[in-house]
Amino acid sequence: MGSPEIYDDISRVDLSKNQKIVKKRKMNTQEFLEEEKFDSNLKNIKHSIEERKRVFNRFYMKKDYVCLERINRRIVNILDGLQLHIGVFNSMEQKEIVQFIYDLQNKGRNNELEEHTYSEPKKWMRGKGRVTIQFGCCYNYAVEKNGIPPGILRNGIVDPIPNLFKIMINRLITSHVLPISCVPDSCIINIYEPGDCIPPHIDSHDFIRPFCTISFLSKCNIIFGHKIKIVGPGEFIGSASIPLPVGSVLLLNGNGANLAKHCIPAVSYKRISVTFIKMDKTKQPHNFMFYSDFQNIKSSDFSDASESYHTKKRSALIG
Ligand SMILES: O=C(O)CCC(=O)C(=O)O
């Protein structure tokens with residue numbers, strides 16, 4: 001998977017019609033291909049399995065990750081529960097999303113977003129931090145001076161999830177990447193400049209499982225390990241390294257989310273990730289209101305959603 005040939009294919013496919021995607025993605029599972037192998041009607045299938053695999057790879061899903069580690073005297077697959085989905089967003093959509101994020105970043109820099117939405121490192125140093133933009137809730141990564149551990153700041157004020165991200169969420173649900181029981185109510189955007197990283201961590205249990213991260217602009221590897229060694233600024237050694245292609249969605253669940261730490265080593269090229277998460281009900285901010293309109297949003301309206309968000313924000317600022 002991941003050959004340039006396949007990515008060329010992806011960019012040519014029009015994914016704007018959700019129904020089409022759902023139908024094709026349903027067919028696009030390893031199980032489907034395995035079933036096909038044993039199908040007694042195999043003789044009637046015109047294309048060989050290999051040909052069909054090539055076609056279905058446009059909507060590829062990989063979930064057979066294995067990395068065995070000994071933990072408390074037991075051998076465990078620390079990658080169990082991970083899934084990598086490819087072809088959920090086409091290249092035009094990725095472009096719209098990235099442009100939208102750049103516009104958000106400008107707003108953040110100009111103090112046009114709510115207090116805790118936008119944050120950037122005070123001083124740039126290799127391996128130290130990255131820009132983050134948070135919607136739905138404010139997650140505090142550090143232990144506070146008064147000893148409060150990392151977690152959702154229940155009084156933290158951030159902007160609500162913009163419509164364009166609701167369209168992405170709609171796509172993730174209708175494409176069966178995320179289960180309907182896990183409709184995200186918050187998200188974190190990471191903007192990595194070359195040299196930026198995210199250190200080893202397990203995502204807080206203030207957020208339920210599964211959750212997912214979508215990669216934009218450049219590919220990189222994500223490192224997993226029960227223990228991850230920090231060997232330098234932004235340099236980490238773990239027991240598994242998984243390539244994240246541009247436009248891919250990594251779903252984290254099970255051991256991959258709860259037992260293994262993960263990190264992104266210092267990136268060589270600018271990269272953006274969007275992590276969609278659902279809060280544990282008991283951890284939601286005090287003023288939190290769940291949006292219920294994501295199912296009504298047309299999945300093809302990426303550019304409309306982006307434009308109307310920025311126009312609304314502009315007119316709100318003008319008064
Ligand atoms: O940038 C990524 O792909 C990973 C992001 C991540 O681990 C996080 O936001 O917790």
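A residue is near a molecule or strand if its C-beta atom, placed from the backbone, lies within 6 Å of it. The model on display is predicted: local features need pLDDT of at least 70, side-chain atom pairs count only at pLDDT 80 or more, and totals for chains, interfaces and linings use all residues. Residues are numbered from 1 along each chain as its sequence is written.

**The ligand**

Select the ligand, then the shell around it: Ile188, Asn190, Ile198, Asp203, Thr213, Ser215, Ile222, His262, Ile264, Ser273 and Thr275. Two or more of these shell residues come from each of β9 (186-192), β11 (211-216), β17 (261-264) and β18 (271-277). Strands (E, at least two residues) and helices (H or I, at least four) are DSSP runs, numbered from the N terminus.

**Strand β11**

Select β11 next. How many of its residues are buried? The number is 6 of 6, where buried means that 20 or more other C-beta atoms, placed from the backbone, lie within 10 Å of the residue's own. Phe211, Thr213 and Ser215 lie on one side, and Cys212, Ile214 and Phe216 on the other.

Two strands pair if DSSP finds at least two bridges between them. β11 runs antiparallel to β16 (residues 249-252) over 4 bridges, and Phe211 stands opposite Leu252. With β18 there are 5 bridges, again antiparallel, and Ser215 stands opposite Ser273.

**The whole sheet**

Show the 8 strands of the open sheet, in the order β1-β4-β16-β11-β18-β9-β6-β5, with antiparallel pairing. β1 (61-62) and β5 (118-119) each have a single partner strand, so one side of each has no neighbour in the sheet.

**Helix α6**

Finally, select α6 (residues 163-174), which lies across β6, β9, β11, β16 and β18 and runs at about 70 degrees to β18. Such angles run from 0 to 180 degrees between N-to-C directions, with axes fitted to C-alpha atoms, for helices over the stretch in contact; contact means C-beta atoms, placed from the backbone, within 7 Å. In α6, 9 of the 12 residues are buried, including Leu164, Phe165 and Ile167.

Technical notes: Contact = placed C-beta atoms within 7 Å.
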